[in-house]
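Subject: The structure and what is in it

Hello,

Here is the structure I promised to pass on. Please open it beside this email, and then read on for what turned up.

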Amino acid sequence: MSRLLRYTIEGEDRFLSISLEFTPQRVGPQEIHLPIWRPGRYQAQYFAKNIAGITSSRGLIRKSGLSTWTLTIDSLDPVVLSYRYFADQPDAGGCVSQSDLLYINFIACLILPDRGENRPCEVNISLPFSIPPAIPTPAISIPPAISTLPGYRVNACSLTTYGSGFRAKSYRELVDSPFIAAPEIFSYSWKSHGVQFFIEGVGPQQHFSKRLLQAYERFVDFQIGYMEGFPGKKYHFLHWICPKPFYHGVEHTASTMMVMGPEDRDSYDDLIGLASHELFHVWNVATIRPKELLPYDYTRAVIFDTGWVIEGITTYLGDWFLWASGVVTADEYVGMLLGNLKLHFERDGESKQSLVESSIDLWLDGYGQALPGKRVSIYFKGALVALALDLMIRQKFNHQRSLRDVLLAMKAEFKKGYTRTDFYALVENVYEAPLSDFWRIWVEGNEPLGKRIGELMVFVGLSFKESPMQLEIQNAALLASFALANSQKQNI
Ligand SMILES: [Zn+2]
C-alpha cells in the first residue's frame, strides 16, 4: 500500500490551487490536519484561516476543528482532496503567489492525514507566470577564487528535484524546505568543507554584490570549522529583496529564507548579520533541539523554557562570527554588540519577566507588541546571557575555553534533545563549577544586569557605561583575544 502523499500546486493570482492524493491506510473516519504553527515562530498562526473549504473525490469531508477536517473512508482506494489557499502573506514564513513571484512555505498550505508526518511526499508545482525563453548572461564579475559564476534560474529549493517537481523523504522534510520561483533568480554556488552552498535571490541584482558573496563564504567557512563539520551536504541561502521595508528571516535545516527591503537601500549589513544568524540555526535548533521540540508537533502549541538558548546564543554568535571570520572589524563588531545591548537595556532592562517566563510566553506575546514592562526578548537578553557565559568561561580558562566548548558539547551530547536542567549541567561541566547563582540572577531573575556585564567585559578590554549607553575599546590587545574561538583549537 502506497504511503506517498502526492501534492499538486498551481500558482494563481493571490491563490494556490492545491490537491492531495493519498491512499488511506484503513477505513473509517480519517482526520486531515493543517499545521497551526511553523518552527522558527513559536506562536499559533492558524494557517487554516486561508482555506474556505476542502472537497473530496470520494466520501464526505467536513470541518471538525480549527485546523482539522474529518473524511469518511469507505475503501482503501486513493482519495483526492482539493482546495484553494489564499497566498498573500509576503514574509519569510508565509506564501505569496503573484504575477512575478511564487513563494511557498509548504508548512502553511499543505494538509496531511493524521499522523502522516513521516510519509514520503511528492510535489508538482505550476508557476503563475511564464518562464523566460533565454537565460541572461551573468552581469557581475567574480574573482577566480570563487568557484562558480552566478547565473539565473527560475526556482530554488533544497529538495531533490523529481520530474517537474520535488520529492521529500517525509512531510517533515517537505515543510522544512521553502520554495521560491520568479522569472529570474540570481544564483551562485560554491563549496565549503565539502558542502555545496547556494546563494539565490529575487530582486535587484546589485544586492548580490561580490562583497556580499565573499562575506557569506567567509562566515560559512568559519562556522563549519567552529562546529567541526556541517550536518548536511548542501545548503541554500534564499533571498527576496522586496519593495517594502522589511527584515525577516526563517531558519531551516538545509536552507534559510530572508526577506529584506526596500529595494533601494544598501542591504549588505543587514543581510550578512541575518544570514550568519540563520546559518547557525542549522546547529542551534535544526539539529540540536530542546526535548519538547523533538519531533515538532505542528498541531498544538509546544511550550518550552529554553527559547533563549536557541535565539540568544544564535544572536550573540551570529554577530561574533562576522568579526571572528574577518567580515567586520573590531570597531564594527563593538558597534554591533552595543546595538544588541541597547535593544535589551533600553527596551526591556526593567521588565518584570525572567528569560524562562518570556520563553514560555512566546506563544502569548513573543512577537510583535506586548504589555509594556512585561517580557524580555529571548533574542537580546538571551544574547546578553550568551555573552556573559562566553566571557566567564574565557576568563576562568584564560581563553583556553570559550562558549565554543559549550556548543561542541551540546552537539555531542544532546542528540535526543535537552531540557533547561540538561543545559545548565552541560555548561557547568565546561565551566568546572556550579553556576546556580548565575542561572538564578541572569536566567530565572529580573534584576538589572548592566553593572554585572560591564564588570565582565573589562577582561576583554571593553568599557561599558549605561547612561548614556556606551561601549568603548579600552585595550585593543585584550580585545583581539576575544576574536579567537579558543586557543586550544585553532583549526578553524
Ligand atoms: Zn533566530
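This is a predicted model: local features need pLDDT of at least 70, side-chain atom pairs count only at pLDDT 80 or more; totals for chains, interfaces and linings use all residues.

Strands here are DSSP runs of E with at least two residues, helices are runs of H or I with at least four, and both are numbered from the N terminus. Two strands count as paired if DSSP finds at least two bridges between them.

Residues are numbered from 1 along each chain as its sequence is written.

Back to the sheet: β3 (residues 28–33) pairs with β10 in the antiparallel sense over 2 bridges, and Ile32 stands opposite Pro113 in β10. Strand β3 also holds Gln30. Is Gln30 buried or exposed? Gln30 is buried, because 21 other C-beta atoms lie within 10 Å. (Buried means 20 or more other C-beta atoms within 10 Å of the residue's own, exposed means 12 or fewer, and partly exposed is in between; C-beta atoms are placed from the backbone.) Leaving aside neighbours within four places in sequence, Gln30 is in contact with Pro24, Leu71, Ile73, Pro113 and Asp114. Contact means that the C-beta atoms, placed from the backbone, lie within 7 Å.

You will find Pro128 in the loop between β11 (121–126) and β12 (151–156), and Pro128 is buried, with 20 other C-beta atoms within 10 Å. Beyond its neighbours within four places in sequence, Pro128 has contacts that include Gly11, Ser97 and Leu102. Phe15 is 113 residues away from Pro128 in sequence, yet the two are 9.5 Å apart in space, C-alpha to C-alpha.

Now the whole protein. There are 14 helices and 21 strands, and 45% of the 492 residues are buried. Along the principal axes, the C-alpha trace spans about 70 × 50 × 40 Å.

How is the protein divided? It has domain 1 (5–280) and domain 2 (304–482), with bounds from an automatic or database domain assignment. Their C-alpha centres lie 31 Å apart, and 18 residues of domain 1 are in contact with 20 residues of domain 2. On the domain 1 side, α3 (210–226) and α4 (268–280) each supply at least two residues, and α3 gives the largest share, 7 residues.

Last, the largest nonpolar core has 142 residues, and among those touching the most other members are Cys95, Met258 and Val385. A nonpolar core is a set of buried Ala, Val, Leu, Ile, Met, Phe, Trp, Tyr and Cys residues joined through C-beta atoms within 7 Å. Leaving aside neighbours within four places in sequence, Val385 is in contact with Trp308, Gly312, Leu355, Trp442 and Val443.

Best wishes

Methods:
Two residues are in contact if their C-beta atoms, placed from the backbone, lie within 7 Å.
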